[in-house]
Each structure stands twice: as structure tokens, then as C-alpha cells.
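Good morning, and thank you for coming.

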Amino acid sequence: MRKIAINTIEEALQALIQGNKAFVAAQKSGSVLKEIKPIFAVDGQQPYAVVVTCSDSRVPAEYIFSAGIGDLFVIRTAGHVIGEFELGSIEYGVKYLGAKVVLVLGHNHCGAVRAAMGSHGHDYVKKILDEIIPVITGEEDVEICEKLNIENSVRRIMASDLIKNEADAGRLHIAAAKYDIESGTVEFF
Ligand SMILES: [Zn+2]
């Protein structure tokens, strides 16, 4: 289990911020030790944060935050678009697992956003682009489009009454950030 208890919003945010600093400096990673795996099987999980991010293989959430087994409840879709299954997963992470922070983590060079800017896509990929296109229409700057897409994911999450109530009560913090795939740095908004 974690050596340091993480029980508050501030502790969870600091774990993410300091974890990313350690990742950028390549100083450490979270624990994946053989000994801790059976402990989680017995004690269950208490992830301190839900991370909603892109499926992009260059955006590995646990690495980015120097997190180990049992630390993060991660939801990944192309372009971190959020539908009902994703929202249900986020609610589960908050209500039943006690996550203190929900973080939407976008990134630069996002292929889903670029595809949406070009309206390319068919079959089920089109479903993803249909979620992104309305929020970036009229904008040609890719960085701004990526930010608009992050903000849209936050809006989708806040549509959950459960999440909104937890946030309003001060028991949960909704955060948004962007990952730079060249430097490894996470910039919180
Ligand atoms: Zn992406």
C-alpha cells in the first residue's frame, strides 16, 4: 500500500503535481512491487484520483504521475470523450472508491482533435468526432481546439448530479490539465 496516506483533496492534488515533477525528472515511478499486489486484492482499492484522459499511447496516466498500483482510477477514450459508460465509471470511482480529485487530462498533438478539425472519420470513429466537432467549430488553432475539448469533457462530467453534488459539498475537486508529450510536463489550468 502507499507509504503516505492520501485523504484530502489537497493531498490528492499534491500527489498528482509532485508525481508529475518526479516523472519529468525521471526520478521515480509508482510501486508495482510483487508484494503489494496481493495486499490490494485483500484490502480493495482506494485510488486518490480519477484520471480521464486520451487513449493515445504516448499518454500513460500512471507513468505521468509516478503512480503505482492502486493509486489512480483511469478512464481512457480517444480524445477523452465522455459518454454514459465513462460517466458511470467516473461516478463509481468517486462514490464507491472515494477518489478526491477527478482530473481531465488532455494533451498536445491529439489525433482525435486533429481528426475532428478535418472532420475525418467513419464507422464508430465518427461517434467520437461528432462529440468533438461541435465544441471546436470555427476555431483553427489546434492548441485552442485541444483546450476547448478538455473543457467540454469537464462540462460532461459536471452533468452528473452525483459528481456536481460532491464537488459543491467540497468533498471532490474537478481539475483540468494538459500534458505535453515532448517534455512530459502537466500544466494544470
Ligand atoms: Zn489524444
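**The central strand and its surroundings**

Let me begin with strand 3: 7 of its 7 residues are buried, so the rest of the structure largely encloses this strand. Please keep in mind throughout that what we are looking at is a predicted model.

Strands of a sheet pair through backbone hydrogen bonds, in either a parallel or an antiparallel sense. Here we have an open sheet of 5 strands with mixed pairing, in the order 2-1-3-4-5. At its edges are strand 2, residues 72–77, and strand 5, residues 186–188, each of which pairs on one side only. From one strand to the next, the twist averages 25°.

Strand 1 and strand 3 run parallel and are joined by 5 bridges; Val51 has Leu103 in strand 3 as its bridge partner. Strand 3 also pairs with strand 4 in the parallel sense, over 7 bridges, and there the bridge partner of His107 is Tyr179 in strand 4. Strand 4, residues 173–179, then pairs with strand 5 in the antiparallel sense over 3 bridges. In that pairing, Ala177 stands opposite Phe188 of strand 5.

Two helices deserve mention alongside the sheet. Helix 1, residues 9–24, lies across strand 1, strand 2, strand 3, strand 4 and strand 5, and runs at about 30° to strand 3. Helix 4, residues 84–95, packs on the sheet and touches strand 1, strand 2 and strand 3. The direction of helix 4 makes about 175° with that of strand 2.

I turn next to the metal site. Which residues coordinate the zinc ion? They are Cys54 through SG, His107 through NE2 and Cys110 through SG, at 2.0 to 2.3 Å. Along the chain, these donors follow the spacing C-x52-H-x2-C. Cys54 belongs to strand 1, while Cys110 sits in the loop between strand 3 and helix 5, so numbered for residues 111–118. The two cysteines are 56 residues apart and link distant parts of the chain. Both Cys54 and Cys110 are buried.

The aromatic residues come next. There are 2 aromatic pairs in the model. One of them, Phe73 with Tyr92, is tilted, at 6.0 Å centre to centre and with 40° between the planes. This pair also links distant parts of the chain, with Phe73 in strand 2 and Tyr92 in helix 4, 19 residues apart. Are these two residues buried or partly exposed? Phe73 counts as buried because its relative accessibility is 17%, under the 20% limit. Tyr92, with a relative accessible area of 40%, is partly exposed. Together with Tyr96, Phe73 and Tyr92 form one aromatic cluster.

Elsewhere, Lys147 lies over the face of Phe189, at 4.9 Å from the ring centre.

I close with a glycine. Gly118 lies in helix 5 and, at 32% relative accessibility, counts as partly exposed. Gly118 and Gly170 are 52 residues apart along the chain, and 40 Å separates their C-alpha atoms. Thank you for your attention.

Note on methods
Residues are numbered from 1 along each chain as its sequence is written. This is a predicted model: local features need pLDDT of at least 70, side-chain atom pairs count only at pLDDT 80 or more; totals for chains, interfaces and linings use all residues. Side-chain values use heavy atoms; hydrogens and water are left out. Two strands pair if DSSP finds at least two bridges between them. Helices (H or I, at least four residues) and strands (E, at least two) are DSSP runs, numbered from the N terminus. Axes are lines fitted to C-alpha atoms, for helices over the stretch in contact, and angles run from 0 to 180 degrees between N-to-C directions. Contact means heavy atoms within 4.5 Å. Donors are N, O and S atoms within 2.8 Å of the metal (3.2 Å for Na, K and Ca); water is not among the atoms, so sites may look incomplete. Buried means under 20% relative accessible area, exposed over 50%, partly exposed in between (1.4 Å probe, protein chains only). Rings of Phe, Tyr and Trp (its six-membered ring) pair if their centres lie within 6.5 Å; planes under 30 degrees apart count as stacked, over 60 as edge-to-face and the rest as tilted. A charge sits over a ring if NZ of Lys or CZ of Arg is within 6 Å of the ring centre and within 35 degrees of the ring normal.
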